[in-house]
Structure formats: C-alpha cells, structure tokens
Amino acid sequence: MTKLSVNINKFATIRNSRGGNNPDVVKAAIDAQAFGADGVTVHPRPDERHIRYSDVRAIRNIITTEFNIEGNCREQKFVDLVLEVLPDQVTLVPDAEGQLTSDHGWDTIRHRDYLIDIIRTFKKAGIRTSIFVDPLSEMVEGAAETGTDRIELYTESYAREYSQNRAQAISPYIDAAKLANQLGLGINAGHDLDLQNLRYFAENLPFLDEVSIGHALICDALYLGYENAIQLYKRQLNHP
C-alpha cells in the first residue's frame, strides 16, 4: 500500500497570517494521524514564514505516526534541527533562500559529493533519507550514488500535463521509478498531486512507497472537512 503523508504547512500559514495559535498546528498533526494519515510532513524554511522550528519540536513530542521533515539542507539551522528531533525521514530539497515553493529536483551529478556527505550525516543519526529529483534517468542514477535511501519524484510536470495527455505525462515517471527500483531506491512522490490526478498516478507508477500532499488536500478540507479529505486521498491511493 502507498502511504499518505499530510503536509500541514498551510495550517501554519493561516495561523501566522493572524497571529495567535488558531489554527493549532500541533493539533493539526495529531488530527492528521487520528484521521488516518500514514505520516505527517513539515517543511520549515529559514524565515519560518509558515512552520516554525518550535512547531517541529512540539510535533515531534506528540507524533506517533511517521514524521517527515523536508527542507533545504544547505541551511545549517535546518540540519541542526533535524539532528535534534530525529524524524523518521528527512527529505532534502534544493530550495533557494526565500523560495515560494519547491520547483525543481537536485542535480545529483553536479552536487554528488555534497549529497554524499550530508546524507551520511543524517543516516549516521539513524534517519531515513530521501532527496527531491526530477524524473530523469541521469538524476536517478546520480541519486543512487549518493547513498540516499529514497528519492522523491517532483511531480509538478505530471500535474501540469495530466489534463492534456495523462499517459504522456506519467511516462517519464514510470521510467524513473523502474530505474530507481533497479538501483535499490525507495520511491516517494509529491507536488501538485490532488484528487483529480492522484489515482491515475498511483495506479500506474510502480513501486510507489509514499506521497506527500499538502496544499491541495488542505484546500479540499476547507470544503469537505479535514477527516473526509484525508480519507478521500487515501482512497485514491489504495482503491479496491
């Protein structure tokens, strides 16, 4: 079964826009796991414009399901946080400072030596590592050389092209997933996956371990309710 990790950053975005603690981000994590999510994802950024570092620490104290922290590992503050709270998984994203949202994977060839070193640091602490990559064979092969446990396929292009030609949109992802599996890598995926495109992706992408979904799921939750939205997304992944 493919696992659903719910990214709760948007709860923090709403909270921070008004001040105070409404909505409560820690409660959002507790409720995600109570409502059936297989994991909770957070993506703290250096300016803490949504998830704060204090949120990450508080969530770690209460989480019983899988905890995934993603972010820019070139920020020492991020590295220190991950090594302090020891999540189940760390997902390394090549964000630039001040970036609105993640928009590309690692160049695993150009940054090979750096990735080997930073991945070794996290794995030495017993943390499963995953790195963000585009669905390109050379990037997948480069990822395997870094020592990472998994890759997270960046699915923005799939989501963008899905309505025009879904078979064509998913084709490079299928090739990337098959290659990753041959190289011994686990496979995660995320970015712009939603209730319209998720089922086809999950049905057709082999060896898919986990998807991380935040923005679309939280938007749906505004209309459908948080628990219902989580269950609807899980049905797309693991339908009869």
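Helices (H or I, at least four residues) and strands (E, at least two) are taken as DSSP runs and numbered from the N terminus. On this basis, the secondary structure of the protein comes to 11 helices and eight strands. The radius of gyration, taken over C-alpha atoms, is compared with a globule rule of 2.2 Å times the number of residues to the power 0.38; the value for the protein is 17 Å, close to the 18 Å that this rule gives for 240 residues, so the protein is as compact as a globular protein of that length. Along its principal axes, the C-alpha trace spans about 45 × 40 × 30 Å.

The model is a predicted one, in which local features need pLDDT of at least 70 and side-chain atom pairs count only at pLDDT 80 or more, while totals for chains, interfaces and linings use all residues. Residues are numbered from 1 along each chain as its sequence is written, and side-chain values use heavy atoms, with hydrogens and water left out.

Of the 240 residues in the protein, 54% are buried, where buried means under 20% relative accessible area, exposed over 50%, and partly exposed in between (1.4 Å probe, protein chains only). Among contacts (heavy atoms within 4.5 Å) between residues at least 6 apart in sequence, 67% join residues at least 24 apart.

Arg15 lies in helix α1, which covers residues 9–18, and counts as buried because its relative accessibility is 2%. Leaving aside neighbours within four places in sequence, Arg15 is in contact with Gly20, Asn21, Asn22, Pro23, Val25, His50, Arg52 and Asp55.
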